[in-house]
Number of protein chains: 2
Amino acid sequence: MAKIETIRHSLSHIMAAAVKSLYPDVKFGIGPAIENGFYYDFDLKITISPEDLPKIEEKMREIIKQGALFKKKEVSKKEAKKVFKKQPYKLELIGEMSTSAKASADKKGKTVTIYETSNFIDLCKGPHIKSTKEIPSDAFKLTKIAGAYWRGDEKRPMLTRIYGVAFKTKKELEDYLKQIEESEKRDHRVLGKRLELFLIDEEFGPGLPLWPPKGAILRKIVMDFALNTYLKRGYQLVATPHIANLKLWKTSGHTDFYKESMFPPMHMREIAREEKDDYQLKPMNCPGHVKIYSSKIRSYRDLPLRFTEMGTVYRYERSGTLHGLTRVRGFTQDDAHLFCTPEQLHSELLEMIDLTIYILKSFGFKDFNVSLSVHDPKNKEKYLGSDKIWKLAEKALENALKTKKLSYTRYTGEAVFYGPKIDFLISDAIGREWQLTTIQVDFNFPEKFDLNYIDKKGKKKRPIMLHRALLGSLERFIGVLIEHYGGAFPLWLAPIQFVVIPVGSRHQKYAKQVGKILKEQNLRVEVQDEAETVSKKIREAEVQKIPYMLVVGDKEMKTKSVRVRKREKGDMGIIKLTKFLEKAKKEIETKK
Amino acid sequence: MAKIETIRHSLSHIMAAAVKSLYPDVKFGIGPAIENGFYYDFDLKITISPEDLPKIEEKMREIIKQGALFKKKEVSKKEAKKVFKKQPYKLELIGEMSTSAKASADKKGKTVTIYETSNFIDLCKGPHIKSTKEIPSDAFKLTKIAGAYWRGDEKRPMLTRIYGVAFKTKKELEDYLKQIEESEKRDHRVLGKRLELFLIDEEFGPGLPLWPPKGAILRKIVMDFALNTYLKRGYQLVATPHIANLKLWKTSGHTDFYKESMFPPMHMREIAREEKDDYQLKPMNCPGHVKIYSSKIRSYRDLPLRFTEMGTVYRYERSGTLHGLTRVRGFTQDDAHLFCTPEQLHSELLEMIDLTIYILKSFGFKDFNVSLSVHDPKNKEKYLGSDKIWKLAEKALENALKTKKLSYTRYTGEAVFYGPKIDFLISDAIGREWQLTTIQVDFNFPEKFDLNYIDKKGKKKRPIMLHRALLGSLERFIGVLIEHYGGAFPLWLAPIQFVVIPVGSRHQKYAKQVGKILKEQNLRVEVQDEAETVSKKIREAEVQKIPYMLVVGDKEMKTKSVRVRKREKGDMGIIKLTKFLEKAKKEIETKK
């Protein structure tokens, strides 16, 4: 079988042939293979809609069935211009070919390659399959229509781009379509809006999420769980400002190695003559934690020191790359920096890996891959410090992974400017991978900031520094959580855990009582009191993905019970309120 | 008796006379009365130190005893120049008098006023007392020496400034000196350093506190208590970014009315050509909360909505005005914004006042004064909106204070640009007043941001907005807390609540067990394991102001007990660990 990329490319020609049959006066742009499929740009006299796609697909299958050949020909540019005389876009391309090395012309620019299939001739370098018979006709699908400027230039005509996806087998196509459908259903931007979890406000600016109540409480639950876990495991809370004098970022090396990701400085002289300095938003929390370390003399007895902070950092990202919560300009890291002796490094790394796995499992992530990003010795200007120090740091991470028997992929040149790192790539419920956790070994910052501790013999020694964020960015993590659960959070995470639904107005008082009892137990509950039918209220609660609906009518009122409906599962019967509370609390505790 | 200000001024002359007796070749600068006392600037050939002050004081008392008169004379400028021919600073002043309206010359600038007391003649407008007999000679004290440039100009000579304090009675002086001594002992900058609660780092910048572990945990306890209280009382958590596009601050009116307090903008074009906008650090959280309000349609049924956020804001303050934690450039507000109908306004304000009193009492503040700051109708350019709206808002606050029977002082022109406010001025343990809580009524932001809700009849209505921060700035609040308690925090607030001290090395294991048991109960405990004497460890714990020291030796080990030492109180005897835990938990619960 031909390469899938070749099949995809050939399918774009077949689509062009089909479109030509259906709309004879079409003008053709270009039609390449892309990831998972292909597209072709058409200049059509009429507007087509998604409803037209099956018709085009049908025509394509017809052509495929005919077993049309892909006939390759070398022709002179002059001849080509004749062939494409009614195709202005192709003529434009031919016109440029003598000056362009990339074009489908021979080295001297005298001949060009064309392909003929069915009724369609294209200016194209290939390669293509030999015959349409090589195409599995049940493994492709046209998916969408979009507008695209000719050559991406907004001053040129807007063409109609038709996208298709194509695979080697029907099974692969179906799997792919299912995952796309599943991904769309789980899109955290859509769910974030519907479930009121976050919002991006244009007046605030792109990449700066705001958290309305339901999202803010979810974020707090996630943060509290992580922070309390860290504090129990010997971490100490610290807090540092969001801005610092530019001097600090010079000392840390950020202005040399990280400038592109930093917001522009605030020039204090713009507001006060006596102020000479520039200030800058923090893109990382490390310098703040370093300053707390160096604020007093440290002894070997104090080490390891583990400083943690839910630190909000700001990094510049081009607006085109921003995406919901998973790519933003402002985010909060569950950050920590550890300072230890060389003897403590290995065991600290092992504990950190254990902690990572515990935290991720608590949120329902069970599968992950590990990557080890090391520096590129050929690209020294990208990194602080000597090769020797880098090797030590890289070895430490490698040893920890080996001890933990974790297999990993090594990436050269992907390290941070101050040290190598381990990343955890987490698989979500539908098998997509997300990079969350990062663990970094750093011999350079302690050097730059002249950090010390006094060893047993009373001598000054240099500590080793570890940087790590286990959830990574809270914003990104919550984005991934939303997609992982499709918005249907387990009880311990659900912003609203219970909704109490009175059957009629005479049950409202009891409904409120139930609500009050739950609230007193620090549970998150809403009591419905609007004059709507029970079934409508249940439907609403299902849309809002609330884990439990507690319906109360005469019988429930009399027996101090609730009729429990579980999200997605339906009616679970009547149960005493006290008993239900017990069960619910256990469910929360076990994070199921 | 003469006015105290007059006595203070006359004392500065007497000090000058005394200095002249002791150092005959002294040249005189100026010597005014100031708050609580007076000073005089001298150009001395020799350096004097605080040890010289009693000698000067003694000389002053001698002069007072003599009953010297203050003789006032009008003399021509020419004559004055003769009198002061050896006093260059006075000659400089006389030289300027014809052009200065404020100087002690008559309207035509022909004569000047001089005062003669004892051996000292001064160029001075007065008024003064008649005779030194009017001065209570046991109610003043010279307090310190400082350098001061002549006329505050760093290019002119540095003079020696001697400060004194003076009151009407000995009792008043003693009270004042005691309060000063007490204030110095409680200085949160000194305690903050000694107890490792916060630090200011020069490389980060002034007014930007960093929180090492003990301070960060104290801050978390304060925040958690406040936030959990608000959530229980019907507030909803939200979260908003620290920066926003400048557009937002234009819409909100901050760039028109609050510009001086804002950090300079970040010009995005400095880092990316395609970015045209400016971004700015938030000086307030209100616009963020407004955006969350307006992100969906609100019904009268949803109101009141109470959004709260521990929101970190940044405001520019001149570096000279910064002071420890109580005046900073970056601080976190326990902020909230309420949106309600006109009918709900009064009851919301009453609830807010109750909540304020509950919160402040929980932290040990019992006495407070209330101020009502209203707009100045003569200074319209300082405020948003119409007089009519301002009157409504001011009336609402006034009515709430009246209903609560709280007396208040009215300050015209002290309102915020968008609305009037109530401030709570809290008295601390030594009677100083601190402004913490602020409650503001705002009819203007809802107008500016076009906020609506749908009323019962389905019509669009404008909500009223309340801004309030009960602790105010967390940084400032914690600064005040440190001074209020002199660093000796009650058990529930203490960063380290318990220290376990083993008598000998064979008790270390048991000490660690005790530590573990306490930690499991979420108590904050340190276990001492250094080889030092028990008494030294106790002394250290007292310096660190740790509420409880638990000493463990043979007997305690055998009986599963601890010997309890309470901070400042000393030995409380041996008590079973389980029993002690019970007592401690009760103490924490009651916030005693």
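This is a predicted model: local features need pLDDT of at least 70, side-chain atom pairs count only at pLDDT 80 or more; totals for chains, interfaces and linings use all residues.
Colleague: Which strands form the open sheet of five strands in chain A, and in what order?
Modeller: The order is β23-β22-β24-β25-β26, and the pairing is mixed.

Colleague: Which strands stand at the edges there?
Modeller: β23 (525-527) and β26 (570-576) of chain A do; each has a single partner strand, so one side of each lacks a neighbour in the sheet. On average, neighbouring strands of the sheet are turned by 25 degrees against each other, direction ignored.

Colleague: How many bridges pair β25 with β26 in chain A?
Modeller: Five bridges, in the antiparallel sense, with β25(A) covering residues 561-566. A:K566 has A:G570 of β26(A) as its bridge partner.

Colleague: Which strands does helix α16 of chain A touch?
Modeller: Helix α16 (residues 534-543) packs on the sheet against β22 (498-502), β24 (548-552) and β25 of chain A. The direction of α16 makes about 170 degrees with that of β22(A).

Colleague: And which strands does α18 of chain A lie across?
Modeller: Helix α18 (residues 577-589) lies across β22, β24, β25 and β26 of chain A, at about 120 degrees to β26(A).

Colleague: Switching to chain B. What is the pairing in the open sheet β4-β5-β6?
Modeller: Antiparallel. β4 (71-76) and β6 (120-123) of chain B are the edge strands, each with a single partner, so one side of each has no neighbour in the sheet. Neighbouring strands are turned by 30 degrees on average, direction ignored.

Colleague: Which helix packs on that sheet?
Modeller: Helix α1 (residues 4-22) of chain B, which touches β5 and β6 of chain B and makes about 130 degrees with the direction of β6(B).

Colleague: Which elements make the β-α-β unit in chain B, and is the unit right-handed or left-handed?
Modeller: β15(B), helix α12 (residues 387-403) and β16(B) make a right-handed unit. Five bridges join β15 (residues 368-374) to β16 (residues 408-412) of chain B in parallel.

Colleague: Last topic, at what angle do the α7 helices of chains A and B pack?
Modeller: About 145 degrees, with their axes 15 Å apart; both helices span residues 213-232. Residues making the contact include A:I217 and A:L231 of α7(A) and B:I217 and B:L231 of α7(B). By class, the contact has six nonpolar, two polar and two charged residues.

Conventions:
Residues are numbered from 1 along each chain as its sequence is written. Chains are lettered from A and ligands numbered from 1 in the order in which they are written. Side-chain values use heavy atoms; hydrogens and water are left out. Axes are lines fitted to C-alpha atoms, for helices over the stretch in contact, and angles run from 0 to 180 degrees between N-to-C directions. Helices (H or I, at least four residues) and strands (E, at least two) are DSSP runs, numbered from the N terminus. Contact means heavy atoms within 4.5 Å. Ala, Val, Leu, Ile, Met, Phe, Trp, Tyr, Cys and Pro count as nonpolar, Asp, Glu, Lys and Arg as charged, and the others, Gly among them, as polar. Two strands pair if DSSP finds at least two bridges between them. A crossover is right-handed if, with the strands pointing away from the viewer, the path from the first strand over the helix to the second runs clockwise.
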